Amino acid sequence: MTCPLCRTEGENILWQDEHCRIIRVEDADYAGYCRVIWTEHVAEMTDLDAAGRDLIMRRVFALEGALRECFRPAKINVASLGNMVPHLHWHVIARFEDDAHFPDPIWAARRRAPADQPQVDDDTLCRALGIWIGRMDD
């Protein structure tokens, strides 16, 4: 299998079920950078049935809520690109006005050296994420 998102080795998994997993991306500039990854290898949202589309978006919204609660960012960026890896996944990123790329996407050219961002440990983020998932699933 050549798809890197079909494999979970080395991932920092914050939460998972049989349909998707939420990982924290190791990025020195962005402590609040996570991905929601659909387990089955599909490329687009329209490859999912209505229940699958609803489920993955509830996970994206739950992650957004947890990141906002834990990091208190200026903005949350949510993106589904898949141009390089055509496996359905969403990037959910806490952004700060003094981060290395703000107001541009994190994939743009740097504007400045990154400022220190809030540091939130995995356990704190996992607890908040669990609460938000519970809210979204009610």
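The model is a predicted one, in which local features require pLDDT of at least 70 and side-chain atom pairs count only at pLDDT 80 or more, whereas totals for chains, interfaces and linings use all residues. Residues are numbered from 1 along each chain as its sequence is written, and side-chain values rest on heavy atoms, with hydrogens and water left out.

The secondary structure of the protein comprises 2 helices and 5 strands, where helices (H or I, at least four residues) and strands (E, at least two) are DSSP runs numbered from the N terminus. Along the sequence these elements follow the pattern β-β-β-α-β-β-α. The radius of gyration, taken over C-alpha atoms, is 15 Å and thus close to the 14 Å given for 138 residues by the globule rule (2.2 Å times the number of residues to the power 0.38), so the protein is as compact as a globular protein of that length. Along the principal axes, the C-alpha atoms fill a box of roughly 40 × 35 × 25 Å. Of the 138 residues, 43% count as buried, the classes being buried at under 20% relative accessible area, exposed at over 50% and partly exposed in between, with a 1.4 Å probe and protein chains only. Among contacts (heavy atoms within 4.5 Å) with a separation of 6 or more, 52% join residues 24 or more positions apart.

A nonpolar core is taken as a set of buried Ala, Val, Leu, Ile, Met, Phe, Trp, Tyr and Cys residues joined through side-chain atoms within 4.5 Å. The largest such core holds 31 residues, of which Val 36 and Ile 56 touch the most other members. Two or more residues are given to this core by each of β2 (20-24), β3 (33-38), α1 (50-71), β5 (89-95) and α2 (122-137), and the largest share, 10 residues, comes from α1. Apart from this core lies another of 6 residues, including Tyr 30, Tyr 33, Ile 93 and Ala 100.

When residues up to four places away in sequence are not counted, the partners of Val 36 include Cys 20, Ile 22, Ile 56, Arg 59, Leu 63, Trp 90 and Val 92. Arg 59, found in helix α1, counts as buried at 3% relative accessibility.

In helix α2, Gly 130 is partly exposed, with a relative accessible area of 38%. The C-alpha atom of Gly 130 is separated by 17 Å from that of Ile 37, 93 residues apart along the chain. Arg 135 lies over the face of Trp 132, at 4.5 Å from the ring centre; such a placement requires NZ of Lys or CZ of Arg within 6 Å of the ring centre and within 35 degrees of the ring normal.

With a disulfide defined as a pair of cysteine sulfur atoms within 2.5 Å, the count comes to 0 disulfides. Cys 70 is in no disulfide, the nearest cysteine sulfur, that of Cys 126, being 9.5 Å away, and Cys 70 counts as buried at 18% relative accessibility. For Cys 126, the closest cysteine sulfur is that of Cys 34, which at 9.2 Å is too far for a bond; Cys 126 itself counts as partly exposed, at 27% relative accessibility.
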